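Dear colleague,

Please find below the structure that I am handing over to you. My findings follow directly after it.

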Amino acid sequence: MKKCIIYVFSGTGNSKLVAELYKEKLTDYETQIFNITMPEGKLPDNVPSPADFDLVGIGHPVHGFNAPKIMWDFCKQLPKVENKSVFIFTTSGEGLWVNDYATQKIVRRMKHNGYKFIQQRRYVMPYNMIFRHSPEMVKSEWLYAQKLAEYSCQQIMNGKIEKVHSCNVAAFFVPIVRILWIYARVQSPFMKVDTKKCINCQKCVKVCPYGNISYDAEKNKFKFGNNCVLCVACSFGCPTCAISIGLLNGWRINGDYRIKKTAQDESIQFPYFTKEKLKGLKRIAYLNYYKKLDKLLNQEK
């Protein structure tokens, strides 16, 4: 059987869930998922070589219309190959079109190193910052993600090759907001742990992909370094909501969405992202994405 490797970075779990959908639905492949961490900014010793696989997948969330810096650091260190087929997927908390171009920098670099991109997809998944998605939003997002992953995997297995997104306007705009890469580093000193709430489970230390959080037992104090990637895995997953994420603390969201369980709840309305239900900014942020997705998924019927 052919083999596939999916390199995925997933701060709070959304991109990992989508990677698992690809693993399930790429039935022609024996698929392995590698979760990306970059302690001290270096590739771990156990990274599977893309040369050992017939197909490569790249998956990551969108941070401020860009790929997270950890994803760039990882992909630029992947070895050169010869004409290796790659699919790429991203997850974003809203459906704005500019999110489609978050991968341009990575795609250009990997193409130069011999990787051939055959497909690009973006999945809307629950926000881990800004505002908490309602159960109705979560259910629709996950059910649509399942359908899109099934369609995408079938296209891959059928040998369908698609162009990845490229746009001169986005190519100009997206790098401007890449300043978040710099901001993520300088805002680390403003991150704090409320010791009155903290139960010292040290989950935040364990989940940080850059090893940016440490704990001093003698002083009973947590320290945040300057390699934050703004994935907010620490604050999102804190069981007592004890972590402040600095200047962006007003956008902080805490707690697992229980996505699969929510999607199975028949009492929750579906579909949610329709013209009748979406108003104001939500209509701008989601309606066009789901209209295009409905068209894509229905074209084979």
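This is a predicted model: local features need pLDDT of at least 70, side-chain atom pairs count only at pLDDT 80 or more; totals for chains, interfaces and linings use all residues.

Helix pair. Two packed helices are described by the angle between their axes and the distance between the axes. For helix H4 (residues 135-157) and helix H10 (residues 280-298), the axes come within 11 Å and cross at roughly 35°. The crossing of H4 past H10 is left-handed. On the H4 side, the contact is formed by Met137, Glu141, Tyr144, Lys147, Leu148 and Tyr151. Their partners in H10 are Lys282, Tyr286, Tyr289, Tyr290, Leu293, Asp294, Leu296 and Leu297. By residue class, this contact comprises ten nonpolar and four charged residues, with no polar ones.

Cysteines. The structure contains zero disulfides. For Cys4, the closest cysteine sulfur belongs to Cys153 and lies 8.5 Å away, which is too far for a bond. A disulfide requires the two sulfur atoms to be within 2.5 Å.

Loop residue. Gln187 is located in the loop that connects helix H6 (179-186) with strand S6 (191-193). Its relative accessibility is 1%, so Gln187 counts as buried. Leaving aside residues up to four places away in sequence, Gln187 touches Cys228, Leu230, Ile245, Gly246 and Leu247.

With kind regards

Terms used. Residues are numbered from 1 along each chain as its sequence is written. Side-chain values use heavy atoms; hydrogens and water are left out. Helices (H or I, at least four residues) and strands (E, at least two) are DSSP runs, numbered from the N terminus. Buried means under 20% relative accessible area, exposed over 50%, partly exposed in between (1.4 Å probe, protein chains only). Contact means heavy atoms within 4.5 Å. Axes are lines fitted to C-alpha atoms, for helices over the stretch in contact, and angles run from 0 to 180 degrees between N-to-C directions. A crossing is left-handed if the near helix is turned anticlockwise from the far one by less than a right angle, and right-handed if clockwise. Ala, Val, Leu, Ile, Met, Phe, Trp, Tyr, Cys and Pro count as nonpolar, Asp, Glu, Lys and Arg as charged, and the others, Gly among them, as polar.
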